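The tour goes from single side chains out to the whole chain.

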Amino acid sequence: MTHAHWISGAQLAALAAARTTAHRIFSSRAAWLERFGEDLLLSYQRESARDEVLAGLPPWAAECGCAWRRIFGKYLPRQNAERAAPMLLSGDPALPLMTVVEENGMQFALDFAAGYSAGLFIDQRANRARLRLGGVKRVLNTFAYTCSFSVAAALAGAATVNVDLSKKSLDRGRENFALNDLDPAPHRFIAGDVLELLPRLARRGETFDAIVLDPPTFSRGKNGRKFQVERDLEALFRAALEVAAPRARILLSTNCTRLTRRALEAVARFGLKTARRAGDFHAGPELPDIPAVFAPQTLWVEVR
């Protein structure tokens, strides 16, 4: 596997010191290995790539002093319809499939039986940390999933509005609030289509000083409408601008490999021009355990 990357023992120690037990261990184009507490999750596009990582894991673990109790494997299909929950590759099958991990001291619940994703996208750790720095009062978290961005913002004192098609995911988000000793009652959790909700929020005059736009590459709403990030990101950003307060910060992020950082800037420039607003662009912070070539494309837009 070309451009393969195992994290170092020093990086592992730094993550432990930062109270982070959810992070990347190995990265390549065809496979990557993530740590979730005492468990490992190996995502792979080919069985040969999976087997190469499994062969490289014991010598790396011996060098870094890392141990684990289970390894789960997740095949990465080309079609969303073929997605399935991770399968246990090694370890005790009697252990519970739910666990709790830490990220910079925050706690998040995971469920390896919940579906294709266990509950936390670790490649957004630096962006969550940026929200946790504070300075925002109202955060709109779109495609919120289990609300990890909102937990970070709420810990800094922000009120949050969380939107996702899945009520079950939002319920898990409420559980994440409770895990971090946050009362979910003052926060809003809305199960619905983001592109339908944003105009309603604008009509009500609601504004936010931070907006998270980290959509999936593809999804299908309850009314059958398809969301495709390459086609719909521009409309999503323009709709978000309608509820962006002056000096609002908007996070644009995607794992779609066909959308580059330059493409995100083009979307932002066109949206700002259409809305007759201006903005400053800032690159998303990098993570030491995920090389930039394997990380999502990220752009922070500060709206004027």
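Select Lys 74 and Tyr 116: the charged end of the lysine sits over the tyrosine ring, 4.4 Å from the ring centre. Sitting over a ring requires NZ of Lys or CZ of Arg within 6 Å of the ring centre and within 35 degrees of the ring normal. Next select Arg 128 and Phe 149, where the charged end of Arg 128 sits over the ring of Phe 149 at 5.7 Å from its centre.

This is a predicted model: local features need pLDDT of at least 70, and side-chain atom pairs count only at pLDDT 80 or more, while totals for chains, interfaces and linings use all residues. Residues are numbered from 1 along each chain as its sequence is written, and side-chain values use heavy atoms, with hydrogens and water left out.

Now look for ring pairs. The whole structure holds eight aromatic pairs. Rings of Phe, Tyr and Trp (its six-membered ring) pair if their centres lie within 6.5 Å; planes under 30 degrees apart are stacked, over 60 edge-to-face, the rest tilted. Select Phe 36 and Phe 112, an edge-to-face pair with 6.3 Å between centres and 70° between planes. Phe 36 is in strand β3 (residues 31-36) and Phe 112 is in the loop between β8 (106-111) and α3 (125-132), so the pair ties together parts 76 residues apart in sequence. Helices (H or I, at least four residues) and strands (E, at least two) are DSSP runs, numbered from the N terminus.

Then select Trp 6, Phe 26 and Trp 60, a cluster linked by ring pairs.

Finally, show the whole chain as a cartoon: eight helices and 17 strands.
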